[in-house]
Each structure stands twice: as C-alpha cells, then as structure tokens.
Number of protein chains: 4
Amino acid sequence: WVGEFFPEIPKIKYEGPNSKNHLAFKYYNAEEVILGRKMKDWFRFSVAFWHTFRGTGGDPFGAPTKHWPWEDGTNSLAMAKRRMRANFEFIDKLGVEFWCFHDRDIAPDGKTLEETNKNMDEIVALAKELQGSKIHPLWGTAQLFHHPRYMHGGATSPEVGVYAYAAAQVKKAMEVTHYLGGENYVFWGGREGYQTLLNTDMGRELDHMARFLEAAANYKKKIGFNGTLLIEPKPQEPTKHQYDWDAATAANFLRKYGLIDEFKLNIECNHATLSGHSCHHDLETARINGLLGNIDANSGDPQTGWDTDEFMTDIAEATKVMLTVVKNGGLAPGGFNFDAKLRRESTDVEDLFIAHISGMDTMARGLRSAAKLIEGGTLDNFVKKRYQSFDSEIGALIEAGKADFEYLEKKAIEWGEPKVPSGKQEFIEMIFHSAL
Amino acid sequence: WVGEFFPEIPKIKYEGPNSKNHLAFKYYNAEEVILGRKMKDWFRFSVAFWHTFRGTGGDPFGAPTKHWPWEDGTNSLAMAKRRMRANFEFIDKLGVEFWCFHDRDIAPDGKTLEETNKNMDEIVALAKELQGSKIHPLWGTAQLFHHPRYMHGGATSPEVGVYAYAAAQVKKAMEVTHYLGGENYVFWGGREGYQTLLNTDMGRELDHMARFLEAAANYKKKIGFNGTLLIEPKPQEPTKHQYDWDAATAANFLRKYGLIDEFKLNIECNHATLSGHSCHHDLETARINGLLGNIDANSGDPQTGWDTDEFMTDIAEATKVMLTVVKNGGLAPGGFNFDAKLRRESTDVEDLFIAHISGMDTMARGLRSAAKLIEGGTLDNFVKKRYQSFDSEIGALIEAGKADFEYLEKKAIEWGEPKVPSGKQEFIEMIFHSAL
Amino acid sequence: WVGEFFPEIPKIKYEGPNSKNHLAFKYYNAEEVILGRKMKDWFRFSVAFWHTFRGTGGDPFGAPTKHWPWEDGTNSLAMAKRRMRANFEFIDKLGVEFWCFHDRDIAPDGKTLEETNKNMDEIVALAKELQGSKIHPLWGTAQLFHHPRYMHGGATSPEVGVYAYAAAQVKKAMEVTHYLGGENYVFWGGREGYQTLLNTDMGRELDHMARFLEAAANYKKKIGFNGTLLIEPKPQEPTKHQYDWDAATAANFLRKYGLIDEFKLNIECNHATLSGHSCHHDLETARINGLLGNIDANSGDPQTGWDTDEFMTDIAEATKVMLTVVKNGGLAPGGFNFDAKLRRESTDVEDLFIAHISGMDTMARGLRSAAKLIEGGTLDNFVKKRYQSFDSEIGALIEAGKADFEYLEKKAIEWGEPKVPSGKQEFIEMIFHSAL
Amino acid sequence: WVGEFFPEIPKIKYEGPNSKNHLAFKYYNAEEVILGRKMKDWFRFSVAFWHTFRGTGGDPFGAPTKHWPWEDGTNSLAMAKRRMRANFEFIDKLGVEFWCFHDRDIAPDGKTLEETNKNMDEIVALAKELQGSKIHPLWGTAQLFHHPRYMHGGATSPEVGVYAYAAAQVKKAMEVTHYLGGENYVFWGGREGYQTLLNTDMGRELDHMARFLEAAANYKKKIGFNGTLLIEPKPQEPTKHQYDWDAATAANFLRKYGLIDEFKLNIECNHATLSGHSCHHDLETARINGLLGNIDANSGDPQTGWDTDEFMTDIAEATKVMLTVVKNGGLAPGGFNFDAKLRRESTDVEDLFIAHISGMDTMARGLRSAAKLIEGGTLDNFVKKRYQSFDSEIGALIEAGKADFEYLEKKAIEWGEPKVPSGKQEFIEMIFHSAL
C-alpha cells in the first residue's frame, strides 16, 4: 500500500455552525478556550482502534459488511502494519492526539504466547515511530474475551491455567502501554461474570478477580508505569451478569478488597444506560466516589437492550456529561475515548470520519451549553439555595456527625411541621434546555 | 366489633400435596424437619401489616376496592385497635409467629409529633398484649414517604427540618420495635433518591443519609436494642433513582461511610428484578458480602416495570432462594416477610388467606426442592469440581495473594494453551429442574 | 372565590429566544407562520383538565402534595364550578384554544347515574358559558377506570351490568362533548386488559370491546356528532396487558372487527416508549395506517418502566414528532393535548404555567427545526434517492403487484450480485441534529 | 467420516421421572396418550439445523467455541454432506420426526445464484434420501439476513436488485421445502425493519414486503405446495425495529394487505418476551386471531434484552404454552421447533443431546400439567363462570351487536350499581401451580 489511505478526505477543520461541509467541525474548535481551558484539553479525544480499524460490520445475524480498500482479508503482520499506518493517518486528519487499543486488535496471535508477544513487539515499535511526539495512547488494554480459552472469563475462569494466561497477557499489555506513553490502562471485564449462578461460585470468582487486580497494581508500580488503572463497568453482555455491573458495584468491589485507591473508573454511557441508569447518573456516582477517570463517549438506543455503541448525538446528554466533567475539574490523565462504531450498514470510508466528526461536535455542543449554564449561574445557584437550610448551625452539627437522635427529636418538636418548598423540576429543566 | 373477624376461616393446617382444600397447606408443614431444622425455623414467616391490613386496592388510576367488614372508613384510634385485633386473629389462624409494621400503619397521625407518639403508644400497648408470648415483630420501620413533608426524602431532604423530623420518627419507631420484642429494624429508603439530577446535590444528600444511619446505629446501642439494622435496596419508585439501588450499591454506601458492620440487608425479590438482577443474584450478592439479613418474599411480573409486590408462586425461583438461605445458614434473627399484596381485583376476605397460603406453600416447595438438590449432591459437587484446578499449590498461592504477574507468566508459558471444559449449563439446569 | 385565580401570572407572551422571563414563550409564537401555517394551527394545543386541575401529587407511596389556594378540600358541585372557572382563566392566560376532560374530572359523582348526569349537566352549562366563542374541547372522554365497579374493565368487564353502565356513561360523555363543540372523542382503554390470562377469556373480552365501540360509532352518528373517534394505545398500567397495546395492535383490532374507518388513534409519546417503540415510530405507524388523529404530547423517563407523563423537553424528539405531523398535513381536527402532569414535588402555582410554557416551547422548537430540515431538503432528498431503484420500470411492476417470483428470478440471474450502498446513518443523523 | 457421529450416545429412551440417566427422557414418552392424542402428535418436535449443526458458539465478543469432531473447518459441499448425515443420526437417536432448515445452512454459497442453487440441489437430494419415509421438514426457510447484500433487508431493501435476489432465493427455498415434503414454510423477517427512521420510508418498505409475500403465496399455489406459510414475529434484533414486531403487528399487516387468509404465525417464546409480552400472551393473541400455526420452543432470560434462544426449562411457562396448544386443537401441520441453541460455553457433544432432552422433557411436563388442569376442570369452570352474566338474554343481544347505547343506558339505570366479584387471581394461581 503506497500513499494515502484516505486520499479524498482533507484534514478536518473547524468551520463554525453555519458550515454545510459534512467533513468539517461546526462546534469543535480545538484551540478555542472555554471555561478557561482549550477545548482539546477538556476532551482529550481518542480514536478506538478496535471499532474504527477492526470493526467489520459483522453481527450475530450477519457477515462483515466493511470492505475497506486497505484490507487484504488476512490477519498477517504485514496487514497489521498497514492498518496501523492507516490509523495514524486517520488520527492526523481528524486532528486528535490519542488512541486506544486492545493488544489483540493491533497484532495477530502467534502459535504460542511468546510468538504472540513477538508479533506485538514488532507492531508496537512501528506504532511508537508513527506516534511521533504528539500522539500517544489514552489507554491500552488486553483482550480477554475473544479467544475461546476465555469463554468462562479470564481472572474469574474456573481454570487456573486461564488465570495465569490472562495474567501473562495483561502483563505484556501493560508493558506495551507504558512503552507507548499511554496515560491509563483499562480493565473491561469481558467475560468476568456468569451465565448462570447454578454452575458458578461467585464468591470465589470475585476473590480471584481481586487477587488479579492486586497483582496488576503491583506490577504497574514495579515497571514504573504511572498511568491510572481504570475499571470499566458494564452490566451484561456477553455474560448474563458482568461483575463490574455499574459504578457503584465496581466501587463496592474495590472497597471490599482494599483496592479503592489503586483504581478509577472508565464510565461508558451505553453501559450506564444498559444498567438502568442515565449516563449522567453513573458519571456522578463515579465522581462523588472520587473515581471518575475516563469516559467512553458513546450512546445506546433507549429502546434497545444491548450495547449498540453509537456515536453520541444527543446534545442534552452531552451537556449533562460536560457538567459533570467540569465539576470533576476535567478528566486528565483520562479523556474521551470513542468506544463507538459505525452502524453495520455504513460502508463508505467517509462514514468513519463523519461519525467521529459528529461525535466530537456533539460533545463540543455539550461543552458550550454547559459553559453557558455555568456562566449563567442560575442552575448552580438554584441547587445551592435548595440546601441552604443545612448551611446553618444545626446543619453543620448534622454534617459533622454531632447531632444525635435525641437532639434532633427535641428540635423537631420545637420546630413543628417543617415547610417544604417546590422542587421546581420543570423550571430547572426549562433553564437547562434553554442553554442548548 | 364483637367476636371473630374471620369466622368462616378455620385455623390453616397442613394437609399434604393431595389436598384440594384451598384453605390448607399442601407443602408447608411447620414442625416438619428438613435439612436438620423445622420448616418454621427456616422461614420465620411474617405478615406485613401494611399490605394485609392497610392495603386498600387503590392504584394510580383507581379508588380503593377492598371493603373489609371490620373497617369503618375512619382512621381513628378505635379503628386502629380493632384492626390490630384482626391482625392477630389473622396471624393466629395462619399459624405464623411474626409480623412487620410501619409506625404510621398501625396508629393514626395526631396534630403534633407528641400527639402522634401518644397514639402510637396506645396502639403498641394493645399490640404487646395481643402478641402474647409467642408472637413478636420480625421488624418494625418508620414510614418516611407518605406524608408530603417527605416529598424530597427524609434523611436526604434538602430541608433540615425534615431531617430532624425523620430522625425523631425513626427514634420512636426503634423504641417501639424494641418494646415489642422486634428482632430487626428496617430502613427502606422511601424517597431517599432523586427525581432529577438537575436539582440535586447527590453527594451532599448521601453524606446526610450516612449521618442519619450512623445516628440510628448509635441510638440502637443506647437503648439496648440488639436487633439487626437492615437496609432494603430498591432501584426506583417512587423516585427515578433510589439511593439504595441494589445490594451492591447499598454495600458500597455502607463501606464508604464506615457502616458496613452496623447494617445488613433486607433483599426483596421484586426490587431485585426491577434493578435488572434475578432475585437469586441479589441474595447471593448480599450473602457473599456478609450482609444477607432478611428476605421480603414477593415477586414481580417479568414484563412489568414497576413493583407489583405479588406473592411468590414460582417454584424454581423459590428453590433458588432457598439454596442461598441454606448456604447462609438460615436468616435468623431475620426471616421471610410477606411484603406482598392482594391484587387490586381480589376482594374476598378469604383471598387474604389464600394469598398467604400460596406464598408459604411456594416457599415450602422451594425448601423441599433445595433439600433434594443438596442431599442429592450433584449440584454442589459439580460446582466444586469445576474449580478444582484452584485447589492446587498454585491455586493456593493465587488465593493467598502470592502469585505475581511474572510468576504467572512463567507458568503460562510453561503450560501452553490451557484446556477449558464445557460449562454444561444445560446439564446443570436439567439437574436443577428435575428436583422441582 | 372572588377575583382572579392566578393574580401573579400575567398573560403569557412570546418574547423570543433571548428572553430570560420564565413566564414568557421563547419559541412559541402563536400567529407566526411556519411552513405556510400559523404555529397555533399546527399545534392546536390543549390543556388536560385532569392533570392540571385534578392532579393532586398523590402517588402509590404518598399523599397529595398540591394545595392550590382555590381548592376547599371537597368534591362538591360548588367546588367543581370554581375549578372550572380557574381552568378557563388558566387557558386564557396561557393563550390556547382547547381543553380536554374526562366526565368525572369536571363534575362529582351523584348517588345514582341520573344524579351524576344532572351534576354533569350543571357543570357543562357553566363550561359552555365560560368557553365563549373561541375555546372548546379538543376532546372529551369518559373515565371508566377509577371507580371500583370498573376494576375488571368497562367494555371488557366479565359483568354485563358493568358493560351497560359503561355504555351509559360513554353515551352521556359523547353528548356532552358534542354539546360543548368538542372536535374529537377519545377512548383510552383504562382497565380494558387483563391482570392474568389464567382468569381471562381474552377472545370474548375483545369481542365485547368491539361491540361496544361499534355501538359508540352508531350513537355518534345518531346524535349528529361529527368529531373523530380516537383510540389511545397504551401497553400496560394499570393492567399487566392493555388491549390497545400500541398503534399496530389497535389497528389490528379495528381491522379485525370492521371498525377501521370509524376510528383514528391518539398517540401518546410516553405510551409509545412504554411499549418498546420510539414516539416517532408509533406516530409513523399510525400515519401510514391512515390513523394519526391526535397526539398526547408528553414524555417518559427512558429508564423508568411506568407512565411518568412528563411535559416533553427533548428537542430532538419534538423535531421528529413534527416531521411526522407535517407529513400528515397537520392533525386537525386533532391537536396536541398536554396529557402531562407536574412532578409530585412541584407545588407552586406558577409551576403549572412553567410546565405548559416549557412543553409548548419544546414543541415549537421542534416545529422550527423540522421546518429547517424540510426547507433545507437534504433529509427528504436523501430518503427519496435511497429508494430510486424502485422508481424504475421493474420497480413499478413490483409495486403494482405484477412481478412474480419467476420473473424476479430471471432478473436476479441476469443482474448478478446487487450493489448495496451505505445506509449513511451517521451522515443523516448529523444533518438532523445540525437543524436543532 | 466413517461410522457413527455420536458413537457414545445411545438412542434416547423414556425411563420415567425417577431415572437419573441424563441421556434419557423422564417425562416425554412419545407413544403415551395424553388428552386423547399421542405425545409425539401433540408436539411434532423438530430439530433446528442452524443452531444444532451450524451454531459455532461465536458471539459479538468472541470466536467460535464448538469444535465438533466431524467438522473440518471448511464450508465445502463434502462437509455439507457429512453434516447432513450427522443431522439425521442426531434426529434418529433423539427420536423425533421433523427438522427445520435455512437454505444457506445446509448448502454452501456458490459464485452465482445458479451455482448456489446447484449446490443446494445436491445436498437436498442427499437429505431426501436420508430422510427416508418417516422424517421430513417441519418447515424450510430462506436465510435473507446473513449476506451483506441483505444489510438493508430483503423484501424491504431500498435496492430493487436485492428484492429480486430475495425473491429468487425464496422461490428456490420453497421448491426445496416442497420437494422434501416440508409441511410449512417460514418467513422470519431477518432484516426487514429499520435501524433509523431518518433514512427510511417505512410505508414504502411495508408495501414492498406485502407485494413480496403476495408473490410468495401465489408461487406456493403454482407449484402445488400445500404447506402453511408462516410469519415469525420478532420485535428487534438485528434491526432496531423489525416490521413483524409481535403477533398483533403481524396480524395488522396481513389484514391491511389482504393476506390474512394466506399466512399463519410461528410464535417464538423469546421473541414474545422481547416484545414485552409473556409467551403465553402472544400465543393466545395468535390463537384468537386464528393464526397460531407453529411454535419456536425456546426461552429468553427475563433480565436480558436480547434473544438468548435458550431451551425452555420453565415448567410453569411450558404448562401455559400447552394450555393454549390444547385449546388450539394442536398445531398440526405445525409443531414445536427447537429454535434454541447451546450456551456458548457448552462444548461437549453430549450437551447437544442433553439440551434437546431437557427441552422435550420440559414441554412434556407442561403437557402433563395442562392435562391435569384440564381434566380437573377447576380452571376452565372458573373462567366460564366468571363470564356467566353474559350467558343471558341481554348478554346475547350485546354479543350479537344488537344492544345500542340507549337500550344499555336504560338497563344501567334500571339495575343500579353493578356487583363486581373478586377476580381471585391468587386462587387461580394456586390452582395452576398445584398442577405442576
């Protein structure tokens, strides 16, 4: 393959909201400063190698539909290298600075683990070279779910040999992420979960998972990798129950096993909605537990019960996401990874760009609206005022844990029936939507 | 009201599976010993005062439908006493030894908190007398959701006056539960949650909730109440998000605020399924977190998105519940509370009995099937064997936290591709269902 | 009650998008012409009497929270009259021209049907007078679900006496709607459905429902009422299964019983989403079946499994709704009824106005965005072009039912492997969202 | 491949409920007469070639896991023949008399449609020979969803070339089904649906689908095929909306386009539950519309939002299914097809047998329980009695469409407030479950 992979795609530029050019940004303006920070620094957008370069369009009912011109139908080392070059041309044209990968996306399996690792080294050396100084991984991760050996899980497989194999694989993936300058390392619990409780010792499996993550945290320190370790909650799929169901479940696990200071969370919007929460809820849950580390910026279909991994287009949702991100002081060293895929039926090369542009513009509109709300002040002031009765002497006593039931009973009798003002949800929603 | 409340209902007896008498037990035989314990001691069944004696059949679209002969249409003290007498006749005829109540179910509100508490004292004195020596509360609780003052929550209300009022109410409810010999005290988070994140400071509300529960735990010790404090998870309804979403969420909360040793959980099956889990899952989650304290034995409709609080009739579900209960060594001092209500359209007095008999027989079939499975051994042996590769030297190292990634990588390379046996889900389901 | 009901609320005016006045329209400008029609004629907004004037804030877990100053706590005729006057002041200040009602909302039950009808006549006479020449009902309907007599349904009750009573009630409600100049009459199947199939003869119940609706259509003609009869689909709640599950289910029923030309549908967005469809889907299904007659403009919570009846705030959803309405050539004699209620916690009188303003502005933004899309042409042209291969000779043969399998097989062999272009979903979503 | 495919599996025999042999039937006794018919004639069980012989265990997150010894890793004609021989050995050992297939499961694609058809002919000739006189297809169907050409649908593709190709494929599949003695032909609308309404002309697509099915019905007659044409409803997956959403939706479509007498429905339990109904509901809906033709006997996970296609194990569900089947007078020429697959993690050859045995025994328990209920009479009598007020003179008038609103009003006034008895849901559920 000689020359450009995307010869018909120009470098994507900001042209403003009135542009009709579908290959331009209308809202995302990388260097523009919003709320005291450049847009690109709020977002730290990342391209997901697996969806963008390994997504085939196959689904449980159908064969692959994508026939990218650079693909030769093999899973050879040569193909892996060519694909990696395509990746960096894509990143460059899109104008982002991060990418994310699973070990097995970027390099083919060998016949043995050593051979596999050798393949990986060869590809990673090329990636390092192509990255240059400006681009590096937002995070890397190990694919512990595709190969049949992981059919019962990796760290939670009932087979000790699989546990060891998974450990070896994560070890290598962490090394590689570190080598490439990755800023985080992610654990998505692929098949860590169960299909039926009848054949499962859930307690023992969770103990194993804890030991595995503990060993990972130790190894990270050993190799001097300073990136954040991130757990990515998901409730179901592929298993009936994934152990990292949602942010609260993952937090309970981390607390139970003394790992709460070693990990943060990578919240994926579509995973949040599958678990019965709004994306905003799971982000806030992560935030108030001190665990919000990264966002997988995608979206599901509200009427669909599986992970559709769509690029987010809902500007109200994006605005809520950004309200949380701003409250969190940003996400760095985390960022926004597009764990989102083209629809199976989108088969033009330009669709890859359109989808990312649309996703970036949606998030950018979210930031702009969030900034309007924050600078307007009405939203925050309303919430603050709502709790003002606790900004009192007795409120302070309560919040300090010094108000016992006897004292509170005395107060309750003294005060009589409390006044309870309107929650004014419709008003606050009006304020919110008027900023969109 | 003179004489019996249920003159046409005999004392319910065990008549065995061939009985056609709908006012007899076919499976529940209180004194029969199963797995080394009397059935009644495995279950410790409890009648829920609110559903059975305050359930009106009203729903969001319709007026009350129940016109029990002993009700006079008032909420007077006299009516409260008459109802309490009906309750104990019901309990006696059903042949159980426990009941559960909310403070506001059993006694009417007065004009002030003091007056309300006085009403309560009067009713509670009667209840104490009617209980005799054999019957007492499985648990008591405070109703912090019905009165408009609690529309934004009790412990998590933005109004400090409401927080204090709630504290005073819980204080009294704990005292009363203690006085009646209650064995547990439950916190169901009524309206502790939010309708929209836009008007809510979730972090601050959760802090308040923690302070509240801490004060409750302190007060319990102060009054010498030795019962277990139980949190009852529920994901939604009445609020869009209830803070005690599911067992894992509640556990995370308890761990975060240092309350994990002070509380256990009361798992309700219909709440579990509304949160996207099987009932069995949330029971197991509670159990392996050391938190399984009580079960609200009811059931939802699998196609319905709200709490239908039906009496459980699914014998497979009941068997799974009992497998967990046996693993837990039973539930005492907890038990099975029938937090279940007659359908709105069930308006005969005998329906109250039929529903409870059906619920008790279902659980009893569950216990009998579980016993068959446990005594047969196939199920447990299968699971044990599935993990046997961890019952090895290296398995022990891993489980002790002594196997680091370098060691595991060495092993993985040494062992080569691991063998992964079939999960045999269909086989184990065949075994399971053959016991029903 | 003397004087104004809403003395602090001015007549709501259009002030444009930059207004910060929460008691003004920012997008809804009644007289402004969009796509060749005045905004008010596209929408024909209607206030729902039941939610706005009979909504108490009660829910299954809590007592009423609204304490409107004009309510005296009774359900007297005098109160009904006062409330009706409040209704028309509200309508006047909001600047709409339609209202909707259930018979039992507006007038109290008497001891007998005759007395009830007499009460109704008295209130309706007042309403007629208050309506003046500009205002009249978008539709009326009968409340066949609140009273215990309807606990098993009205037209589908197993009791023939209930069937007759329901018929008598609908008869009167149709007369009253006609008398007030109503333009439609709605059948929402309250409790027409089942709680369990085990006690239900679904076939017989559906036969009864058909006979009932047939009789209604006949009576309409007899009294010279020219309004449209509308069925309002809903999947569940209060029953486990409502017979008018969704648009397609209602259409099947109408076709099966030969009623397809006598009825149209009133699509409610929250009902659509509860049935697993997007609102847009059920509107389009109604439209292409020739049945789109009216819209109940509300919205549910995407993570909540019951009818929350919120005012719509989602501008993307509103835009899709309006794309369908424009394709339908508008809705008249139907319109948009706000079958939406204040949140239980919204207890200020002004919240009633804010909620309606927000709902109207959301729909107005939807219309403006839809107009942008329609006038821009990209969306329609894209879809048209997508099917252009059918605008061919063979396409015409197929669409005329003249292409048999043998002919098509010949063509398939002749043509070889067909080319299938990208569906370009991300592109079309980008176009769509750029109009918001 | 010489000799047996399943040398370690004996012919599966009935050994009764006490047998511990997991390769024996405990409840299914083919020749035993229940309710006047042999069990095998009630069920007409069929093996689904695609799941049982083409299921690989692959899922969206993982590679195939099944490595059946007879598979050589190719999709050659030779492999197709070997697989077909395995199929008939499986059928013989299981002791059933029917199988179902998609055209593309059983024979490989060629380079052109003609070549593909030639492959098919070769395989079909072998199948015919292997069938002998006792075995034949319950139904055949065409796979119009796997190949990328069908990514936008077959009959509803926007490309006329795809429509023609689909027609040619169905033509051949119908011929082949007829040739093999198939008793039905099924249309599962693979990708007949949409991913987004924004790029879709739903009305035109449905018109095309109608023309397609009309042509199929015509062709059936032309070739003298007397089998039933069956539509298989499914709500979602792979598309966001499948046009044959549920039984009622399919019925509406058939009625709208005048096809109601040409087609029946194939109800799949897991599809029913995904559409928000119980399986029992969709079966009853099909039955009372005169459309119940066949059952795809499988089951989903009640907490999972996608089609899990599990073998049914729920005996209560199976009993409800059989109550409907008996009311329908059986299903012939339809039957029960096991559209169910092994879990991905079930990788032993014997698991294929265990799963089918378990599924057949579950249905057999369902039949036995249904017979107990029917012979007991309590259930039917209860339902009959519940509607007895309609077995009156006025009931007859209503049911004949002769009771107008004026007459009914007169009756309602004459009768006064109707009496409404208890629905006794708990009682009837007790009766139902006592038969299990």
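This is a predicted model: local features need pLDDT of at least 70, side-chain atom pairs count only at pLDDT 80 or more; totals for chains, interfaces and linings use all residues.
Let me start with one pair of side chains: A:D391 forms a salt bridge with B:R204, and their closest N and O atoms are 2.6 Å apart, where a salt bridge is taken as a side-chain nitrogen of Lys or Arg within 4 Å of a carboxyl oxygen of Asp or Glu. Residues are numbered from 1 along each chain as its sequence is written, chains are lettered from A and ligands numbered from 1 in the order in which they are written, and side-chain values use heavy atoms, with hydrogens and water left out.

Across the interface of chain B and chain A, the rule finds 10 salt bridges, along with 39 residue pairs in polar contact, both residues being at pLDDT 80 or more; a polar contact is a pair of N or O atoms within 3.5 Å, of which, within protein, one must be able to donate a hydrogen and the other to accept it, and residues adjacent in sequence count only if both atoms are side-chain atoms.

Contact, meaning heavy atoms within 4.5 Å, takes in 94 residues from chain B and 94 residues from chain A. The two chains bury about 8,700 Å² between them, 64% of it on carbon and sulfur atoms, buried area being the accessible area (1.4 Å probe) that two parts lose on being put together, summed over both. Within chain B, the residues that lose the most area to chain A are B:L198, B:Y387 and B:F405, together 10% of what that side buries.

How are these two copies related?

Turning to chain D and chain B, the contact takes 37 residues from each of them, and about 2,900 Å² is buried between the two, 51% of it on carbon and sulfur atoms. On the chain D side, D:Q303, D:E426 and D:M430 lose the most area to chain B, together 23% of what that side buries. The rule finds 6 salt bridges across this interface, and the side chains of B:D348 and D:K424 meet in a salt bridge at 2.8 Å, N to O.
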